[in-house]
Amino acid sequence: MKIKTPITEMLGIDLPIIGAPMFLVSYPDLVVAVSEAGGLGTFPSQNYRTLEELRRGLEEIRSRTKKPIGVNLILHKSHNPNWAKHFEILLEFKVELIITSLGSPRSIVGEAKSVGTKVFCDVTTLKHANIVAKSGADALIAVSQGAGGHAGNISPFSLFPYLKKEVGLPIIAAGAISGGAQMAAAMSLGADAVYVGTRLIATKEASASSEYKNMIVESAPEEIVYTEKISGIPANWLKRSVEKAGDNFHNEGSGDIDQEFKRWRDIWSAGHGVAQIDSIVPAGDVIRGMAQEYSDIVKNLPKMN
């Protein structure tokens, strides 16, 4: 099955579905499963505590799939003091996609493109979208209200067509996309691909605890908490995990990497897409099932007479 869009053409993938790079969740098993299913698997460089571990992680992924992959690179020194060294390793492995966040990609775009790497950027507002577009980004990841982890507060119904019209770059839609129905809606709003995070946590390949996965299956969208108090940046979290952790994490947000690991290990991220998640399944089934559901929905949409 193939769905052709500017993003699939740009990245050389079959399906316009990108697995979101999730801290302490996305490791080789999940990356490989998503890419092998026709999408594009990704992981955050900060999932690895040392440069050697990052290199070994990339070696493992490259040994298990020849399909394109992506890596999230945080460009803010307070959140990722080793970002420049991480970048050197990504260039060495010629990863097909680098996803930047918390900073401008201006400092990396030239070198990335010299080895054939595309650069996408997380954005939540038009102001930030314009900045990264002028810096040379190849596409925008429009992170809307309801996305797991660090999310914006603009409705996807507004954000996706807004950025597409005002900026003109290809758009990857992020926010509560758990199935083919949301994918069809996002594509109808002008998106060229979708970003899937929360749905992939509840998969067999995700490096999340069984308790975390089950909490996603059992939670409702009303149980998602949007706050900046946990990481210092507004984000969506599972209410049950926040309550379990108590007040120990409030107002930290220091950016210190050890604190970052502790927060994300003990307080779990998820988006409004939990509403459509009712089981833990293989990641490949999620990607293929989403594409099939998308195709069925598009075919069966009401037609004008």
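These legends describe close-up views of a predicted model. Local features are given only at pLDDT of at least 70 and side-chain atom pairs only at pLDDT 80 or more, while totals for chains, interfaces and linings use all residues. Residues are numbered from 1 along each chain as its sequence is written, and side-chain values use heavy atoms, with hydrogens and water left out.

View 1. Contact, here and below, means heavy atoms within 4.5 Å. By this criterion, 21 residues of domain 1 are in contact with 16 residues of domain 2. About 1,600 Å² is buried between domain 1 and domain 2, and carbon and sulfur atoms give 66% of this area. Buried area is the accessible area (1.4 Å probe) that two parts lose on being put together, summed over both. On the domain 1 side, F23, R49 and H150 lose the most area to domain 2, together 37% of what that side buries.

**View 2. The nonpolar cores.** A nonpolar core is a set of buried Ala, Val, Leu, Ile, Met, Phe, Trp, Tyr and Cys residues joined through side-chain atoms within 4.5 Å. Buried means under 20% relative accessible area, exposed over 50%, and partly exposed in between (1.4 Å probe, protein chains only). The largest nonpolar core has 96 residues, and L58 and F120 have the most contacts inside it. At least three residues of this core come from each of domain 1 and domain 2. A second, separate core of six residues includes I230, A235, W237 and V242.

View 3. Helices (H or I, at least four residues) and strands (E, at least two) are DSSP runs, numbered from the N terminus. Helix α3 (residues 51-64) has 14 residues and reaches 20 Å from its first C-alpha to its last, close to the 20 Å expected at 1.5 Å a residue. The expected span is 1.5 Å times one less than the number of residues. L54, G57, L58, I61 and R62 are the buried residues in α3. They cover an arc of only 130 degrees around the axis and therefore lie on the same side of α3; the arc is that of the directions from the helix axis to the C-beta atoms. Against these buried residues pack α2 (28-36), β2 (41-44), β3 (69-74) and α4 (83-93).

**View 4. I201 in helix α9.** I201 lies in helix α9 (residues 198-201) and is buried, with a relative accessible area of 3%. Not counting residues up to four places away in sequence, I201 touches M22, V25, A206, A208, Y212, K213, I216 and S269. I201 and L30 are 171 residues apart in sequence and 9.2 Å apart in space, C-alpha to C-alpha.

**View 5. A181 in helix α8.** A181 lies in helix α8 (residues 180-188) and is partly exposed, at 37% relative accessible area. Residues up to four places away in sequence aside, A181 touches E293 and I297.

View 6. K94, in the loop between α4 and β4 (97-101), has a positive phi of about 50 degrees although it is not a glycine. A176, in the loop between β8 (171-174) and α8, has a positive phi of about 65 degrees and is not a glycine either.

Methods. Domain bounds come from an automatic or database domain assignment.
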